[in-house]
Amino acid sequence: MPMPGFSGLRTWWAGRPPAAGAAVMASGIVSVGLQLTGSETMSLVFLSLACLAWVTLAADFAVRLVRQRPRWLAEAKSPGALTAVAATAVLGTRISQLGRQTLAEAALALAVLLWPVLLLLVVRHWERRMPGAVFLCCVATQGLAVLAATLAAAETTAGLAHAALVLFWLGLVLYCLALARFDPRQVLEGAGDHWIAGGALAISALAGAKLLAADSARLYLWNDDDRGVLRNVTVALLALDLACCVVLLAAEVARPRLRFDVRRWSTVFPLGMTAAATLSVAAALDIGRLRTPGQALVWLAVAAWLAVAAGAVLAARAGLVRAR
């Protein structure tokens with residue numbers, strides 16, 4: 001006989017949308033940001049939560065692929081499906097920072113395996129006016145670039161850096177294509193995933209910073225012209241991201257949306273990614289004045305994570321009550 005409440009839990013979990021993967025992305029990037037500020041213990045706590053959520057969602061992903069193929073295909077066509085790629089890449093990046101390069105390589109291999117399949121399915125089903133999740137095509141691609149560049153620096157591998165550079169430029173092309181499909185009304189009406197418009201710029205800036213940081217006398221990846229272009233594009237991306245965050249924050253103040261929605265994890269992720277990008281650009285380009293705002297953004301992302309997590313717990317509790 002099923003345990004009391006187990007059937008309700010199963011019913012509630014079955015209704016989980018693909019966008020729930022943004023919770024892993026948010027937790028993972030907050031962990032990265034905390035590590036960059038030197039808050040190692042808190043960073044590991046967030047990493048543990050992200051890993052636990054990733055394992056749970058990955059198991060559900062596999063079960064649906066094997067046992068519920070029609071539903072899996074239907075969900076794979078939605079932009080939220082690309083959180084599987086982005087979340088894996090973000091976790092791989094944090095794991096690489098721990099020195100576990102073999103595990104990070106496995107994460108990269110898995111993300112690369114999923115990326116073309118999900119990207120093709122999602123892009124083929126784009127519509128005219130899309131929510132902010134449309135920018136996940138850029139986020140997933142740049143996530144691969146960030147992880148590949150991180151591994152290139154850790155393992156002194158030029159091939160990975162050059163592959164990351166290709167993904168970096170491809171990600172920017174995908175951002176422009178997504179922008180053409182984005183419904184600007186979402187800035188005032190979106191339920192949380194409209195913030196990905198800024199998060200995609202942030203992860204692009206982070207990818208640029210990682211590519212610059214991967215260069216060394218031993219690898220000699222970029223000549224002066226290449227480095228100059230990368231530097232200018234990276235700084236421009238960070239500036240655009242910060243401006244985008246100001247606009248999105250102003251829109252939240254003008255049109256408050258306080259009711260919890262699972263897409264609010266897609267608000268936490270851009271905040272954490274902007275913090276990580278700001279700190280990484282500061283380090284890669286030796287711009288010390290960016291470090292203080294970067295640290296402030298990390299703690300803002302932590303506060304946002306706690307607020308959304310509290311909302312998620314309350315929403316889950318209410319969902320379990322209704323499912324009984």
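**Close-up 1. The buried residues of helix 4 pack against helix 3 and helix 6 (101-124).** Packing here rests on contact, meaning heavy atoms within 4.5 Å. Helix 4 covers residues 69-76, and its Trp72, Glu75 and Ala76 are buried (under 20% relative accessible area, where exposed is over 50% and partly exposed is in between, with a 1.4 Å probe and protein chains only). Seen down the axis of helix 4, these buried residues fall within an arc of 100 degrees, so they line one face of the helix. The arc is taken from the directions running from the helix axis to the C-beta atoms. As a handy reminder, an α-helix has 3.6 residues a turn, so residues three or four places apart point the same way. Helices are DSSP runs (H or I, at least four residues) numbered from the N terminus.

This is a predicted model, in which local features need pLDDT of at least 70 and side-chain atom pairs count only at pLDDT 80 or more, while totals for chains, interfaces and linings use all residues. Residues are numbered from 1 along each chain as its sequence is written, and side-chain values use heavy atoms, leaving out hydrogens and water.

**Close-up 2. Helix 2 meets helix 3.** The axes of helix 2 (residues 22-36) and helix 3 (residues 40-67) come within 8 Å and cross at roughly 160 degrees. That makes helix 2 roughly antiparallel to helix 3 (the word applies to angles over 145 degrees). Val24, Ser27, Gly28, Val30, Ser31, Leu34 and Gln35 make the contact from helix 2, meeting Glu40, Met42, Ser43, Phe46, Leu47, Ala50, Ala53, Trp54 and Leu57 of helix 3. Sorted by class, this contact has ten nonpolar, five polar and one charged residues.

**Close-up 3. Lys77 sits in the loop between helix 4 and helix 5 (83-97).** Lys77 counts as partly exposed because its relative accessibility is 34%. Leaving aside residues up to four places away in sequence, Lys77 touches Leu121, Val122 and His125. The C-alpha atoms of Lys77 and Trp126 are 8.7 Å apart, although 49 residues separate the two along the chain.

**Close-up 4. Thr156 lies in the loop between helix 7 (136-155) and helix 8 (158-181).** Look at its backbone: phi of Thr156 is near 50 degrees, a positive value in a residue other than glycine. With 29% relative accessibility, Thr156 counts as partly exposed.

**Close-up 5. Asp286 is found in the loop between helix 12 (265-284) and helix 13 (291-323).** Phi of Asp286 is near 55 degrees, a positive value in a residue other than glycine. At 68% relative accessibility, Asp286 counts as exposed.

Conventions
Axes are lines fitted to C-alpha atoms, for helices over the stretch in contact, and angles run from 0 to 180 degrees between N-to-C directions. Helices (H or I, at least four residues) and strands (E, at least two) are DSSP runs, numbered from the N terminus. Angles under 35 degrees count as roughly parallel, over 145 as roughly antiparallel, 65 to 115 as roughly perpendicular and the rest as oblique. Ala, Val, Leu, Ile, Met, Phe, Trp, Tyr, Cys and Pro count as nonpolar, Asp, Glu, Lys and Arg as charged, and the others, Gly among them, as polar.
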